[in-house]
Amino acid sequence: MNIDKFTEKSIQLINDMQTKALQEEHQHLTSAHLLLAFLEDNEGYGSRLLSKAGLRNIPEIKTQLEDILSKEPKVSGAQLMMSQDMATLIAKAEKTSTEWGDNFVAADTILYHLAKDKSPSSDLLKKAGVEVKKLKEIIMSERGGQKVER
């Protein structure tokens, strides 16, 4: 992962995910940490896109994510690492960014893979009504044909 190839918003969300993991004394960064970062974002970016894609009852999803995270082992003093599913998700988002003609990895591309790729978080989103195909259409529509330059 080359952080220099991520947009400011993507970096902010990754930092928020790391902060949550550190506060909870988790050793691994997971898709649940990332989804929670999107849903707790002050700008409402992830919540807005996911709601347009069919997400219902955001507070309930947050509660379920907190339940998932409460089962993560607590380790104090350990180095924070990405879980395998998180590393795969980021790698796929980087690849998709290139396929979409972007110069940087945008937050919407990460969110797309968070919903699309197999993980407990994507399962939650799908059960809550998020349609991956619709999410991609919304992302492309909001971009209005623009490519991510930074």
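In the structure, L34 touches L13, M17, M86, L89, I110 and L114, leaving aside residues up to four places away in sequence; contact means heavy atoms within 4.5 Å. The model is predicted, so that local features need pLDDT of at least 70 and side-chain atom pairs count only at pLDDT 80 or more, while totals for chains, interfaces and linings use all residues. Residues are numbered from 1 along each chain as its sequence is written, and side-chain values use heavy atoms, with hydrogens and water left out.

L34 is also one of the residues with the most contacts inside the largest nonpolar core, which has 41 residues. Such a core is a set of buried Ala, Val, Leu, Ile, Met, Phe, Trp, Tyr and Cys residues joined through side-chain atoms within 4.5 Å. Two or more residues are given to this core by each of α1, α2, α3, α4, α5, α6, α7 and α8, and α2 gives the most, with 7 residues. Helices (H or I, at least four residues) and strands (E, at least two) are DSSP runs, numbered from the N terminus.

Helix α4 covers residues 58–70. Its 13 residues reach 18 Å from the first C-alpha to the last, close to the 18 Å expected at 1.5 Å a residue; the expected span is 1.5 Å times one less than the number of residues. I58, I61, L65 and L69 of α4 are buried, where buried means under 20% relative accessible area, exposed over 50% and partly exposed in between (1.4 Å probe, protein chains only). Seen down the axis of α4, the buried residues fall within an arc of 75°, so they line one face of the helix. The arc is that of the directions from the helix axis to the C-beta atoms. P59 and S70 are exposed on the other side of α4. The packing partners of the buried residues of α4 are α1, α2, α3 and α7.

In α7 lies S121, a buried residue with a relative accessible area of 0%. S121 touches S31, A32, L35, L65 and L114, again without residues up to four places away in sequence.

Helix α5 has 16 residues and reaches 23 Å, close to the 22 Å expected. Its buried residues are M86, L89, I90, A93, T96 and S97. These fall within an arc of 125° when seen down the axis of α5, so they line one face of the helix. Q84, K95, T98 and E99 are exposed on the other side of α5. The cover over the buried residues of α5 includes α1, β1, α2, β2 and α6. Just after α5, G101 takes a positive phi of about 80°.
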